[in-house]
Amino acid sequence: MMTTKSSTEHESAKSSRSRDWRHKYAARLAVTDGLVLVWVVFGVQIAWLGFSSEALGVSGSRGEIAISYTAVSVAIIISWMVALKIFDTRSDRVVGVGATEYKLIATASTRLFGAVAIVAFLFKVDLARGYILLAFPTGVVVLMASRWMWRQWLGVQRARGLYSSRVLLVGSEVSVTHLAAQLARQPDAGYLVVGACVPSGLVADTLPGTAIPISGNLSRLSESLRATGADTVVITSSDELPPDRVRELSWSLEPGREHLVVAPSLTGIGGPRIHTRPVAGLPLIHVETPRYSGQKVVAKRALDIVGAAVLLVLLSPVLLLVAASVKFSSDGPVLFRQRRVGIRGEQFSMLKFRSMVVDAEDRLTALSETRDGSAGNQILFKMREDPRITGTGRFLRRLSLDELPQLLNVLAGDMSLVGPRPPLASEVGNYEEHVHRRFLVKPGITGLWQVSGRSNLSWEDSVRLDLYYVENWSIAGDFVILWRTARAVFASEGAY
C-alpha cells in the first residue's frame, strides 16, 4: 500500500514539474523581453534626443503642457509588454518551433505602433518622428533575436527530454506508432511521448520498434494519465473512440493543466494551408491544394534571378580561385556537366566544379558493388570515403563550393535557388509513383534535404522532405532555407 502511495506521489510530482516548465519559461521570456525593451527604448531616446528633451502636448484650451520623454519611454515599454502578453507571444503552444512566435511579436508591435500614432494624433502630442520610427523596428529585431537565442537553449533542453509536454498517445497501434515516429524526428517541437493507449492494451508491452510503453487500452485513459504523469493526450485515430467518447475524455481533463490534441490523418501539410472552420459544432479542417502558378511563381523566379546574379557578382573572386585550384590540382576540365531531371521531368545539363577524377563515372559500377550499404541509401549512391574524389574536391564538397556554378543554371531557368534535389535519370527509374511529385517545381541548389542532414539522410527522409517542400513552398520559407543553408555549409555536417 505504501509503495502504491509513494509511486502515485512520485508521478504526481513528475506531472507537476512538467506543468511548471511552461510558467518558468514564460517568466524568463518576460524578464528578457523587459530588459530588451528598456535597453532599446531608452537607448534610442538617449541616442536621438539626449537626457533633457521634452515633448509638447496640447490639451484643449488649457494650452501647452510639457511631457518628459522619459515618461513617454516608460509608457511605451509598459504598453509593449502588455501587448506581448495580450497576443500570447510566450504561450507554450508557439514557443520553440515554427514562425508563429515571431509573427505574433511583429503583430503585437505593429498594433502598438499604430496605437501610439493614433494617441499622438488625437492628443496632439508632438513626438519626435525619428525616435518612434527607430525605436519600434529596432525593438522588434532585438526581441526576435532574443527569442531566437532562447529557442536554441530550449532546443537543447528538449533534446534531453526536458521542457516538453508529456504526451500520452491514444488510438490504433498503427496510427500511434506512426505519430510517435514523427514526433521523435523533431524533439524541439516539445512533445515527449511517455506512453500509449491502444486497443490491445497489453500493459508492460511497448510499441513496435520503440521503447514507448503501452499503458493500457482505450477504456483506461484516466489510469494511464496518472501512471505516466502525462499532461497532454493526443488522439490519433481509432474506431473505438466515437465522438461521444472523445467529448467525455475532454471533460475529464483538468482545465489549464491537462490538454487534448486531435491529430488528423494528414501528414506533410504546412500550417498556412490548413484552416479550421467550426460548422454545427464540428471543427472542419480545410486543406488548400498547393498552387504552382500565378504570383508566387513569378515572385520565386524574380528571387532566383536577382539572388543568383548578386551571388555571382559577390562570389566572383571565389569562383575564380576555385576554378584555378581545380585546374592546377588534377587533370581534366574545370567544370563537370551531368544530365539531371528537372521540372516536368525534362532533362538539363547541371554544372558543378569538378571534384572527382576524370574517369569517375567509369568506376561507379565497381564501387557500387563494394561500398558499405549503410552509407548513402537505397537509391542515391553516397560514400563517406569515395576514392574518386580529389584532394581539392574533398575540400570543395565540405563547404559545398563545387555547387556554385549551378547559379548559372538558375539564371538559365533550369534550376531554382531552393527546391528538391535534381535527380539522375537512372534514379528516376527506381522512383515510386508518389515521388514523381518532385517534378512539379524546379530543382534547387539547396533545399530541405540539405539543411536537414544532407548526405546522412535515408532515402525515405530525403523523399519526405522534398515532397513536403513541393506541397508547402513559399517565398518566406525559401528565405528560411537559404539562411539555414549558410549555417549548414559552415557546419559541414553530412557533406561528402
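The legends below describe close-up views of a predicted model. In this predicted model, local features need pLDDT of at least 70 and side-chain atom pairs count only at pLDDT 80 or more, while totals for chains, interfaces and linings use all residues. Residues are numbered from 1 along each chain as its sequence is written, and side-chain values use heavy atoms, with hydrogens and water left out.

**View 1**
Ser109 lies in helix H3, which spans residues 100-122; helices (H or I, at least four residues) and strands (E, at least two) are DSSP runs, numbered from the N terminus. Ser109 counts as buried because its relative accessibility is 2%, where buried means under 20% relative accessible area, exposed over 50%, and partly exposed in between, with a 1.4 Å probe and protein chains only. When neighbours within four places in sequence are left aside, Ser109 is in contact (heavy atoms within 4.5 Å) with Trp80, Phe136 and Val140.

**View 2. The pair Ser109 and Trp80.**
Although Ser109 and Trp80 are 29 residues apart along the chain, their C-alpha atoms are separated by 6.9 Å. Their side chains make a polar contact at 3.0 Å; a polar contact is a pair of N or O atoms within 3.5 Å, of which, within protein, one must be able to donate a hydrogen and the other to accept it, and residues adjacent in sequence count only if both atoms are side-chain atoms.

**View 3. The salt bridge between Arg90 and Asp33.**
A salt bridge is a side-chain nitrogen of Lys or Arg within 4 Å of a carboxyl oxygen of Asp or Glu, and the structure holds 13 of them. In the salt bridge of Arg90 with Asp33, the closest N and O atoms are 3.0 Å apart. This pair links distant parts of the chain, with Arg90 in the loop between helix H2 (69-86) and H3 and Asp33 in helix H1 (residues 2-49), 57 residues apart. Both Arg90 and Asp33 are buried.

**View 4. The salt bridge between Lys300 and Asp478.**
The side chains of Lys300 and Asp478 form a salt bridge, at 2.6 Å from N to O. Distant parts of the chain are linked here, since Lys300 belongs to helix H8 (residues 295-314) and Asp478 to helix H16 (residues 475-491), 178 residues apart. Lys300 and Asp478 are both buried.
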